[in-house]
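Please read the following account alongside the sequence and the three-dimensional structure.

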Amino acid sequence: MLSRRKFLRTALLAGIGAGLGFLGGCGLREETTPTPTHARPTPTLPPPTHEARFYTRLENGSVACGVCWRRCVVAPGKLGFCANKKNVDGTYYSLVYGRPAALQVDPIEKEPAFHMLPGTLIFCTGTASCNNRCKFCQNWHLSQQTLWDLRTYDAPPAAIVAMAQDEGCGAVSFTYNEPTVFYEYMYDIAALAKGAGLRSLFHTNGGMNREPMLALLEIMDAVTVDLKAFTEKFYREVSESSLAPVLRTLEVIRGAGKHLEIVNLVIPTLNDNLDDIRSMCAWIKANLGDDVPLHFTRFFPAYKLQRLPPTPVETLEAAAQIADAEGLKFVYIGNVPGHPRNSTYCPRCGETVIARVHFAVLKMALADGKCAACGQPIPGIWA
Ligand code: SF4
């Protein structure tokens, strides 16, 4: 929406240029750029024991990983792009299985999952690393690190499910770093959780391939997908990844009938072009339907994008109005606590069906998944 020049001028006038910083999602203020993970030397780790899934053995001892769109071909003794898997003598292993780096109880609204069990606590698990290299990552201290950079816990899947139950959580969640790069661990936790009567969901960049995704969706209840922008240029230059696999993933999840929510982090000067946002909203409606919740969230300076100020709220509001005009029914504004678009409104009568301030649910007016005022069904998982 803003040109770079106009935006930087505005930032300087407001005294918020480089060096002052803002509290972002992870409160970072450093001006130094962390060392890229993949530039670090390969460590000496204990021998891995958990074999990976969805890979094929090649004739020369290499393996081809089929979990995400990168389809790494990995020679013996080497790691995949995400550094979470290793080829040991022609067998591919997960290095992070049972080794989380982040365990936390969150409200489900933080996922964000606004149309699933409002007010529920979720037990969140994350590990090291990612298959993207997003310059704006709010969780770079996990996602852009490797297993050997981080302090980890010894937590097999049963321990995660037991902790979730002890903490009174209604669901397990896989988030903070990209769950695709700890697929085997996520799958086993979710399977155990399902057997224990817990729901499960995950937050992903959408880069998982179709076959592993379909297997996972058989035991998952919901997915939140980052649709980071609507141009290949942005994905290539800002995330070192690709848009096309994400669009395919969105269609796979919707086609499987699983609950889906989409997050678009709007970053000043990089992906705030309103024409692109209009194209994205039109694509969502045409390919996924008009009732997929869409969250426009506010960027705060983080990781390698310390010099960009936070997204103006007016930009988020303009994006939301475009989504409305394109016919999307559930459009939210995130990272702006107290904004009216934190809440859910009935698309038929306009009544507030879930009143929220940021992640807190203040009031619900839903009856059996329908608007209490007019009876309009509201899509989601409510019971
Ligand atoms: S999951 Fe990791 S090893 Fe497998 S294809 Fe993706 S980046 Fe490569």
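Phe54 is partly exposed, with 17 other C-beta atoms within 10 Å; a residue counts as buried when 20 or more other C-beta atoms lie within 10 Å of its own, as exposed when there are 12 or fewer, and as partly exposed in between, the C-beta atoms being placed from the backbone. The loop between strand S1 (50–51) and strand S2 (55–57) holds Phe54, and helices (H or I, at least four residues) and strands (E, at least two) are here DSSP runs numbered from the N terminus. The phi of Phe54 is positive, near 55°, in a residue other than glycine. The model is a predicted one, in which local features need pLDDT of at least 70 and side-chain atom pairs count only at pLDDT 80 or more, whereas totals for chains, interfaces and linings use all residues. Residue numbers start from 1 along each chain as its sequence is written.

Asp368 likewise has a positive phi near 55° and is not a glycine. Its place is the loop between strand S18 (366–367) and strand S19 (370–371). Asp368 is exposed, with 9 other C-beta atoms within 10 Å.

Tyr55 belongs to strand S2. Tyr55 is buried, having 22 other C-beta atoms within 10 Å. Leaving aside residues up to four places away in sequence, Tyr55 touches Val63, Ala64, Cys65, Gly66 and Tyr92, where contact means that the C-beta atoms of two residues, placed from the backbone, lie within 7 Å.

Thr180 sits in the loop between strand S9 (171–174) and helix H4 (183–195). Again not counting residues up to four places away in sequence, Thr180 touches Val67, Cys68, Asn131, Thr204, Gly207 and Met208. Thr180 and Val67 are 113 residues apart along the chain, yet their C-alpha atoms are separated by 7.2 Å.

Another backbone feature is the cis peptide bond that joins Glu111 and Pro112, with omega about -5°. Pro112 lies in the loop between strand S7 (102–107) and strand S8 (121–126).

The helices may be considered next. An α-helix has 3.6 residues a turn, so residues three or four places apart point the same way. In helix H6 (residues 232–239), the buried residues are Tyr235, Val238 and Ser239. Seen down the axis of H6, these residues fall within an arc of 100°, so they line one face of the helix; the arc is that of the directions from the helix axis to the C-beta atoms. Turned away from the buried side of H6 is a face that carries the exposed residues Glu232, Lys233, Arg236 and Glu237. After H6 comes Glu240, with a positive phi near 50°.

Helix H9 (residues 313–325) has 13 residues, which at 1.5 Å a residue should span 18 Å, and its end C-alpha atoms are 18 Å apart, in agreement; the expected span is 1.5 Å times one less than the number of residues. Thr315, Leu316, Ala319, Ala320, Ile322 and Ala323 are the buried residues of H9. They cover an arc of only 155° around the axis, which puts them on the same side of H9. Their cover includes strand S12 (259–266), helix H8 (274–287), strand S13 (294–298) and strand S14 (331–334). The face of H9 turned away from this buried side carries the exposed residues Glu314, Gln321, Asp324 and Ala325. Just after H9, Gly327 takes a positive phi of about 100°.

For the protein as a whole, the secondary structure comes to 9 helices and 19 strands. Buried residues make up 46% of its 383 residues. Of the contacts with a separation of 6 or more, 69% are between residues 24 or more positions apart.
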